Every structure is written in C-alpha cells, then in structure tokens.
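Thank you all for coming. I would like to walk you through one model this morning, beginning with a helix and ending with some charged pairs.

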Amino acid sequence: MKAIITYARAWSALAAVRSLGRKGVEVVTGDEYGCAPATFSRYSTASFRYPNPDREPGRFLDVLEEVCRRHRPADGELVLMPIHKEAYLIARHRERFEGLAKLALPRFDQIERVHDKGTLGEYAQAIGLPVPRTVVPSSPEEFRKALDGFPFPAFVKVRRSAAAVGVRKVASPAEALAVFDEFTRDFGLGAGAWPILQEGVPGDDYCATFLFERGERRAAMTYHNLRSFPARSGTGVLRETVEAPEIEEIGTELLGRLGWHGVAEIDFRWDRKSTPQMIEVNPRFWGGLPQAVEAGWDYPWLLYRLAVDGRVDAVRPPRSDVRTEAPGMALLATLHEVIHDAPKMEAMRKAYDTLQAGYVRGHRRLALRRFANEFKGAVDLGGRWRRLRTLLKDHRNSVSDVFRWEDPLPVLGVLYPLAVFLKHGKVSTGLLVSEAGKGT
C-alpha cells in the first residue's frame, strides 16, 4: 500500500500522513517548499518538490506524473491524495494519471460549481438551500448599484480563495466599494471574477465534513470553531466536535444532488435558533482535518479505501468531546479576543469624547475627574484577567495538531514560514497558503 500526498506544509497533510502511516501505508510527501511539516514525519518515507501549481500548472503536472511513475509499486496500488487546491488541477487533468495512480476526486465541473463563492450562492438559491443574501455582480457598476439598500455589516469576498484570504467585513457602502476596488486591483480580477457582496448573518462558525461515494453519503461530522484567527473572520484554530444534524442534512442535499465522490467541507454560520446559513464549500480536505481524525472520523483512510476499492461502508463513530488546536495560533486568537473587547473599546472611546467635550466647555477639572472614572471602568484590568482565565479553560486537554511523542519532528515545520520569508522577503497568510494577491 502506497500513497502520494501533496501540500505537505499543511497541518491537515500531517494528519493525513499520520493516519495512513499508522495503517501501514507507505507515504510519499510533496510540496513547493522543503521545510513542510509533513515531510518531517516518521511516516513520510520519501519527499519531493514541485513547482507552484498556480504559476506553472504544466510543470507541476509533469513533476507529479513523473513522481507517480517512480513510486508506483510493481505489485500494489498507488493512491494520489491531493490536500489543497492542487486537487482542482489534478481533477481537471485526471486522464494523465490513469493507469499510474488511483484517485477519489469529484469531477472538475462539480468542483467549479461549489468552489466559486459566486456560483455556489446562485446554485444554492436556485435549489432552495439556505445562503446569506449574495450579490454576484457582472460589472463594477452592478456592484455599486447593489449597495443601495443592502444590509450592513456585510462581507466583500474574492470568489475563489482559501484561509479567509480575500474576505473582508465592511460596515458601510463606502467601505464596501473601497474593498471591492482593493481586491480587484490586488488580485487582478475582471469579467467573470468580480468580488461578491454577501450579507453578514448572526451566529458562530460551524464546519460540516463529508465523504461521499458517487452521490451517496458515507460519513458526516461537524465541528464548532471555538476560536478563529483573525477573530470572527479567519480560520478556525480551536475546535470541538458537535451534534448538528440540521447542518449535515443541508450539506448532504447539496453534495448528493451533484453526485459527489470524495471528501468536502462546508462552512456555516449558525446561532442554533434559526436555519443554518451555508457560507462556502471546500471541495477537498480542510484545515480542521485533525479534529475529524482525532474524533474518530478517519477521512484520509476512508478516502484511501474509496480510491482503491471504489466503495466504502458508511461509518458513524461514537461522538467524542475531543478538542484540537493549531499550536500558537489558538492562543493568539484567545489573547486577541481579550484585548479587542468591542464593548470595552467603545467605552474607552466614549470616555475620551466626554473629556474632549468638557475641555471645549471649559470644565477641565470636572472633565478630567469624569474621564478618570470612566477610563478605569473601560480598561477594567481585573475583568480582562478574569475573562482571559475563563477563555484559557477552553484550551485544557486540547490535542495539538502538530506535536506527538511518537512523531515529534514535524514541530520543525515552524521553519516553513521562515522559508517563505527568505523567498519573498515577507510573510502573510496569503503567501503561506498560496493565495496571495499582487498586493500581498
């Protein structure tokens, strides 16, 4: 048994490598960079480098095809298991790997239907599935016209991106238009790819994960993002498994109609009172894959068996209260939540406004006394410390995405951001996940 896993820089790739390696699968890992965490795993028996799939798709496919030929077992099956958006390119050119490696991927046209946030919104609305009000403009003028009467806060989004890159919350039409222009410029967007405008909906982030066999659901599991970074708009970094049949039924309807084959993850916003709202689809493995694996939904192994056997039995592991976290990022998200306490920040602003008004009227001594009292209440160091202690309880007994005593070396993956910095002279989320716009 042998598998090739791409995008080895991701913690999700590390989870897949460990999953397959523990089952006795010989795993070969590949990435654009040499310091990718999964390549340091004891379960990675060999590694290789490939060109950037976005900038050099032809060369990427050439390298991957050659690697498949080199590692194809003489008396066994080889499974090609892409982790990130290179899966779309491979799905589009799957004929190049016929006879070389087994694949369990949806068709490229199915991927296109849901990966693009614009076409997803239009398709979901057409078949009656719940999505926030979404404007998919055919021109900048249409975007401007849509701002009139649109509810704010809202989101301006690049139609194809990952890891919250190209997503910005906006509070007014003027801000929305400025972000539209910024994204259009920085990502080089034009006809058929203008940024979309989407209504902000209440609730928390929930991620529904699936494995389908030719349109039939074989596994489903949902986790709740307790923390995201950046807060309230970024990637989940502290997670817990939850019961959410309402969400999973919506995802099943969407993917089942498409005849899906393989894995997928769907982001929802849900306040647990109203109908869950579908936000976007990842037609591939997802960042929170370690949560699924630790909770008993071993998607990498299920996908491996689906690729080799062409079928897989439905699974329903016992529910688990396990929590997982991205090391470092989860703690940063918690600290960010404490420091950027919106009500406290608003109270500090009002205290300053009171001081300024008092000075204008000439009541300086009274204004200073009132400011001191209001500012003390706004800062509330004791309250923030108590809030921090409460939030830190969420981290107790959580499982790290990275560190394992039996497989410790992937912690060297911290060298990956350094490699990005040395190559580009800077580091950003866009660069780390290969989603950088021109201005990133």
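Helices (H or I, at least four residues) and strands (E, at least two) are here DSSP runs, numbered from the N terminus. Residues are numbered from 1 along each chain as its sequence is written. Please keep in mind that this is a predicted model, in which local features need pLDDT of at least 70 and side-chain atom pairs count only at pLDDT 80 or more, while totals for chains, interfaces and linings use all residues, and that side-chain values use heavy atoms, with hydrogens and water left out.

What does Glu182 form a salt bridge with? The partner is Arg168, with the closest N and O atoms 2.7 Å apart, a salt bridge being a side-chain nitrogen of Lys or Arg within 4 Å of a carboxyl oxygen of Asp or Glu. Glu182 lies in helix α7 and Arg168 in strand β7, so the pair ties together parts that are 14 residues apart in sequence. Glu182 is partly exposed at 23% relative accessible area, and Arg168 also counts as partly exposed, at 30%.

The structure holds 29 salt bridges, and a network of them links Arg9, Asp31, Glu32 and Arg55.

Note on methods. Buried < 20%, exposed > 50% of the residue type's maximum accessible area, 1.4 Å probe, protein only.
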